[in-house]
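Colleague: Can you walk me through this one? I have a few quick questions.

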Amino acid sequence: MPKILEIKDADKIVVFGDIHGDLDSLKKGYDIVKKEMVSYIIFLGDYADRGPYGPEVIEFIQKKQKEDSNVIPLKGNHEDYELIGSELIPNFSPCDLISQYKRKLTGSNFKVLFKNLYNWFESLPVAVVVKDKYFLVHGGISSKVKLKGTLDRNMIQDLLWSDPTEIKGEHPNERGYGLITFGPDITEEFLKKYNLETIVRSHEPRKALEGYTVEHNGKVLTISSTTVYGGKAAILIINNKKPAMDAYELAKGIRLI
Ligand SMILES: [Mn+2]
C-alpha cells in the first residue's frame, strides 16, 4: 500500500510539478537544481502521457533516485495501474506510455519491463508532509483523507485526483465518476487539523499556465513543470529555514524553466 512520508529536517526543498513526457523541461529544471544545495528533490507525479518522452522521463527520474536517496518521486494519477498477467492496465485515460514503450523498445522483454515498472509505480509515496508546514501531493485532499493510519483506496483516489475549486464543500469532479473537487473550507479544516500551512500540488497544468497558480485564499499552490499544454514550466524552491509560508510567499520561490 502506498505511503505518506514525513520530512522533519530540510534546508532547501525543490519541487517539480507534472512533467507529462516533457524531457526538455525536466532537464532544464535539473540544471537549476544542480546549482543549489538541496536537501530534497520532490516530484509531484504525472511523468508520462501527453508529451512524447514518457519512457525517457521515467528513466531519468529513476536514475536520479538511484544516485540520490533524497530524490522522492510521488505517485500521480498517471502512475496508477493494475498488473494483469503481463499487461499494465491504466486506471486513467488516455494512456500513451505503454504504446511509447512498445514503439521505442521493440524486441524488449515487456513482461519483465512492465513488471518492474509496476513495482516502481507501487513503491511511490502518495504525499509528503513537511512537518508543521506543507502538504505536498499530486491531486489534493478530501474530508476522508487521514494522515494517521492506513490509507485506503478512497483516500488514495482523492489524493491522486482531487482538484481545488472556490466552491465550498466537496462536489463531483468532471474528470470522472467518484472523483471530487474540494473547497477552501475543506482545505482550511485539513491544514488546521494537521498543523500545516499550505498545500503544494500539481495535476492541473492548464490552470497553471504561468508555471503556478494560487487558490483558496493562499492556502493552495498549484505548480506545473511541463510545456505540453502550451503554458510555462516552473519548479518551486522552498527555503525551509524560513517559518511556514502561505502560497503567495512560497510563489516567490518559483523559477521558470
Ligand atoms: Mn494528474
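Modeller: Start with α2, where Gly54, Pro55, Val57, Ile58 and Ile61 are buried. Buried means 20 or more other C-beta atoms within 10 Å of the residue's own, exposed means 12 or fewer, partly exposed is in between, and C-beta atoms are placed from the backbone. This is a predicted model: local features need pLDDT of at least 70, side-chain atom pairs count only at pLDDT 80 or more, and totals for chains, interfaces and linings use all residues. Residues are numbered from 1 along each chain as its sequence is written.

Colleague: What do the buried residues of α2 pack against?

Modeller: α1, β3, β4 and α3 (97–104). Contact here means C-beta atoms, placed from the backbone, within 7 Å. Helices (H or I, at least four residues) and strands (E, at least two) are DSSP runs, numbered from the N terminus.

Colleague: Switching to α1. Which residues are buried there?

Modeller: Ser25, Leu26 and Gly29. Down the axis of α1, the buried residues fall within an arc of 100 degrees, so they line one face. Asp31 and Lys34 are exposed on the other side. The buried ones pack against β2, α2 (54–67) and β15 (234–239).

Colleague: Now the sheet. What is the strand order?

Modeller: β4-β3-β2-β15-β16, an open sheet of five strands with mixed pairing. β4 (71–73) and β16 (254–256) are at the edges with a single partner strand each, so one side of each has no neighbour in the sheet. Two strands pair if DSSP finds at least two bridges between them.

Colleague: In what sense do β2 and β3 pair?

Modeller: Parallel, over four bridges, with β2 at residues 12–16 and β3 at residues 40–43. Valine 15 has isoleucine 42 in β3 as its bridge partner.

Colleague: Last one, the core. Which residues touch the most other members?

Modeller: In the largest nonpolar core, with 64 residues, they are Val15, Ile42, Leu74, Ala127, Leu136 and Val200. Such a core is a set of buried Ala, Val, Leu, Ile, Met, Phe, Trp, Tyr and Cys residues joined through C-beta atoms within 7 Å.

Colleague: What does valine 200 touch?

Modeller: Val15, Tyr134, Leu136, Leu221, Ile223, Leu236 and Leu250, not counting residues up to four places away in sequence.

Conventions. Arc of directions from axis to C-beta. Contact = placed C-beta atoms within 7 Å.
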